[in-house]
Amino acid sequence: MNRPSSTTAAVADIARLRADFPLIQGRDDVVYLDNAATTQKPRAVLDAVRAYYETTNANVHRGVHQLSDAATDAFEGARARVARRINAAAPSEIVWTRGTTEAINLVARSYGGSVLRPGDRVLVTELEHHSNIVPWQMACERAGATLAAAAVTPEGALDLDDFEAQLGRGDVRIAAFGHVSNALGTVHPVADLVALARAAGATTLVDGAQAMAHYPVDVRALDCDFYAFSGHKMYAPTGIGVLYGREALLEAMPPWQGGGEMIEEVTIEATTYAGLPFRFEAGTPNIAGAIGLAAAIDYLEALDPRAVGGHEGELLHRATAGLQQVEGVRIVGTAPDKGPLVSFLMDGAHPHDLGTLLDRQGIAVRTGHHCAMPLMQRLGIPGTVRASFALYNSTADVERLVAGVQKARSFL
Amino acid sequence: MHADLDEIRDSFGFFDAWEERYRFIIDLGKSLPSLPEADRTEDRLVRGCQSLVWLVPSFDAGARTLRLDIDSDAHIVRGLIAIVLAAYNDRTPEQILAFDMEGLFADLDLLAHLSSTRGNGLRAMVARIRQEAEERLAA
Ligand SMILES: Cc1ncc(COP(=O)(O)O)c(C=O)c1O
C-alpha cells in the first residue's frame with residue numbers, strides 16, 4: 001500500500017533472512033513462536049543502537065554542541081522516518097511514547113479528559129487488549145462517561161451489526177479498536193470501522209500493535225484520528241513506541257505529563273507549553289530506541305512486502321492445517337482474514353499444560369488470556385495456546401510446533 | 001487416595017528424561033481426587049497462580065490435623081498439588097509449619113523445571129497452606 005518503490009529488493013528466499021537475527025541464529029535450541037509478545041531484533045537494529053551510543057550519544061534539543069546537534073538530527077530523523085512509513089501528514093504528528101500502552105493512555109488522559117462528558121460513551125470491542133480497555137475505563141470514570149464494547153462473533157470476528165448499532169445511539173465520543181487481534185489474529189476492517197465511527201461523530205483510535213510488523217499501514221488511507229503502536233513488536237527495541245495523532249486534534253489537546261522538553265517558558269507562576277509534538281514528550285526521550293525503530297523500518301522496507309506477507313501467510317496456513325490434524329485440537333479464531341498467529345486449545349488439556357509441554361521441547365509459545373480477559377470470558381474459555389509468527393520463522397518451525405503438540409497430546 | 005511422599009521421592013530419583021518426570025507428575029494429577037463443582041468457588045481460589053487453584057481446608061479437632069482438598073483446572077498443576085499434599089495433608093499445624101517444602105522442591109529438582117511464573121504459583125499455594133496452619137495454631 002505504502003510505497004512499493006524501486007529500492008524495494010524482492011526477496012526470493014526468505015529463509016536467508018534468518019541470518020539477520022542473531023538470537024534466532026544463536027539459539028537453535030529454541031523455536032521462537034511468541035512474536036506477538038515481542039519480536040527478535042535484526043542486526044541492523046542492534047548495530048544502529050550501538051553505533052548511536054558509540055558515535056553520537058548526547059541529549060537532544062538542548063545542547064549548543066555538535067554532538068547534541070547530531071543526536072537531535074538522528075532523533076528527529078527517526079521521527080520523520082516513522083511519519084513517512086505510516087504516511088502521516090507531518091513528523092509533528094508523531095509522538096514518541098514507551099509503547100502502545102502509553103500511547104493509548106496519553107489519548108485517554110489528555111483527549112478523553114478534555115472531551116468526555118457525563119452520559120458520553122467510549123466504544124471499544126470485546127477483542128481488545130487490556131491496554132485498549134483499562135485506560136478508557138479510567139477516563140470514563142473520571143468523566144462520568146460509560147465504556148461499551150461491540151460484540152465478537154463465535155468465529156472471533158467483530159460483529160459489525162453490533163458495532164454499527166452501538167454507534168447508532170449517537171452518544172459515542174470515542175471509538176477505539178484494534179487493527180489485528182493479539183489473541184486470535186483477526187484482522188479488522190479498520191478503514192470501514194473508522195468510516196462508520198466518523199459518520200457517527202466519534203473520534204477514532206486504532207491499536208496497531210499487532211499490525212505494524214506485518215502490514216504497511218497508511219494512517220491517512222485509514223483516515224483514523226489516532227494510531228498507536230510499539231517498536232518492540234516490529235523488530236525494534238523495547239521502550240519505544242508511537243502515537244500518531246491528527247495534527248488538529250493534537251494541537252487542541254492539553255499536555256499530560258509535565259517536565260523538561262515539553263515547555264516553552266516556565267516561571268514559578270505559570271508555564272507555556274512547547275508546540276507539537278514536544279508538548280507530549282516530557283523528559284529525556286528514548287533516543288536510542290527511536291533510532292532503533294527507524295532502523296527497523298528501514299529493514300522492513302528493504303524487503304518485498306508481498307514476499308514477507310506470502311511467507312507469513314504460508315506459515316499460518318500450514319500451522320492451522322497441521323494443528324487441525326491433531327486429535328482433540330480446536331483452533332480458536334477462524335475469521336477469514338487473519339494475521340500470522342494461531343490460537344488453539346486441546347480437549348482435556350489446560351493451555352498451561354500444553355504450553356509447559358511445548359516449552360520442554362524448546363518451543364516458545366504464549367499461553368493464557370493474552371491480556372484479553374473480556375474476550376476469553378465471552379468465548380467461555382480460560383485462555384488459549386498461541387503460536388505467532390514473524391518473517392524469520394520457517395516451515396520447519398511450524399513442523400516442530402505440530403509435532404510438539406502431537407507429543408504433548410500423548411502425555412494428557 | 002493420596003500419594004505417598006517416600007514413593008514420590010523414590011520415583012523422581014529414577015527419572016533421567018523430562019518426559020518421565022512430566023508423565024509422572026501428570027499421572028499423579030490424574031489420581032488426585034477432584035473437588036465437587038460446588039466447591040470450586042471464587043472465594044476458594046488461591047491468588048498468584050496462573051491457572052485456577054481452589055483450596056478447601058478443614059480441621060479435624062480430635063486429631064488436630066488439617067485436611068486440605070485442593071484442585072486445579074490444569075493437569076500439571078494437579079500433579080504438583082498431589083506432591084504438596086503428600087507432605088501436608090492430615091498433618092498437624094506444627095508438622096506443616098516445620099516441614100521444609102523448599103527442601104522437598106530442591107530434592108525433586110522441581111523448580112528448575114518450572115517457569116518462574118508457575119514456580120510462584122506453587123509458592124503461593126504453599127504460603128496459603130502455611131497461613132491456614134498458622135491460623136489454626138493461633139485459634
Ligand atoms: C493488540 C495489543 N495492544 C496493546 C499491546 C500493548 O503493547 P505494549 O505492552 O508494547 O505497550 C499489545 C501487546 O501485548 C497488543 O498485542
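Predicted model: local features only at pLDDT ≥ 70, side-chain atom pairs only at ≥ 80, totals over all residues.
In what order do the 4 strands of the open sheet in chain A lie? The order is 11-12-15-14, with antiparallel pairing.

Select strand 11 (329-332) and strand 14 (366-368) of chain A. These are the edge strands, each of which pairs on one side only. From one strand to the next, the twist averages 30°.

Next, select strand 12 (residues 341-346) and strand 15 (residues 384-388) of chain A, which pair in the antiparallel sense over 4 bridges.

Proceed to A:Arg81, A:Arg85, A:Asp298 and A:Glu301, which are joined into one network by salt bridges that share partners. Within this group, select A:Glu301 and A:Arg85, whose closest N and O atoms are 3.1 Å apart in a salt bridge. A:Glu301 belongs to helix 10 (residues 287-301) and A:Arg85 to helix 3 (residues 66-85) of chain A, so the pair ties together parts that are 216 residues apart in sequence. Both A:Glu301 and A:Arg85 are buried.

**A link between two loops**

Select A:Asp225 and A:Arg246, whose side chains meet in a salt bridge of 2.7 Å, N to O. A:Asp225 is in the loop between helix 8 (219-222) and strand 7 (226-230) of chain A, while A:Arg246 is in the loop between strand 8 (241-245) and helix 9 (247-252), 21 residues apart. A:Asp225 counts as buried at 5% relative accessibility, whereas A:Arg246, at 22%, counts as partly exposed.

**A covered helix and a surface patch**

Select helix 12 (residues 351-360) of chain A, which is mostly covered, with 8 of its 10 residues buried. Among the buried residues are A:Pro351, A:Leu354 and A:Leu358. After helix 12 comes A:Gly362, with a positive phi near 80°.

Finally, display A:Ile263, A:Val266 and A:Tyr273, which make a nonpolar surface patch of about 260 Å². A:Ile263 is in strand 9 (residues 263-266) of chain A and is partly exposed, with a relative accessible area of 31%.

Key. Residues numbered from 1 in each chain as written. Chains lettered and ligands numbered in written order. Heavy atoms only, no water. Pairing = 2+ DSSP bridges. Axes fitted to C-alpha atoms, helices over the stretch in contact; angles between N-to-C directions. Patch = residues over 30% accessible without salt bridge, like charges linked within 9 Å, V, L, I, M, F, W, Y side chains within 5 Å. Areas by Shrake-Rupley, 256 points an atom, 1.4 Å probe, with all protein chains shown as cover. Salt bridge = Lys/Arg side-chain N within 4 Å of Asp/Glu carboxyl O. Buried < 20%, exposed > 50% of the residue type's maximum accessible area, 1.4 Å probe, protein only.
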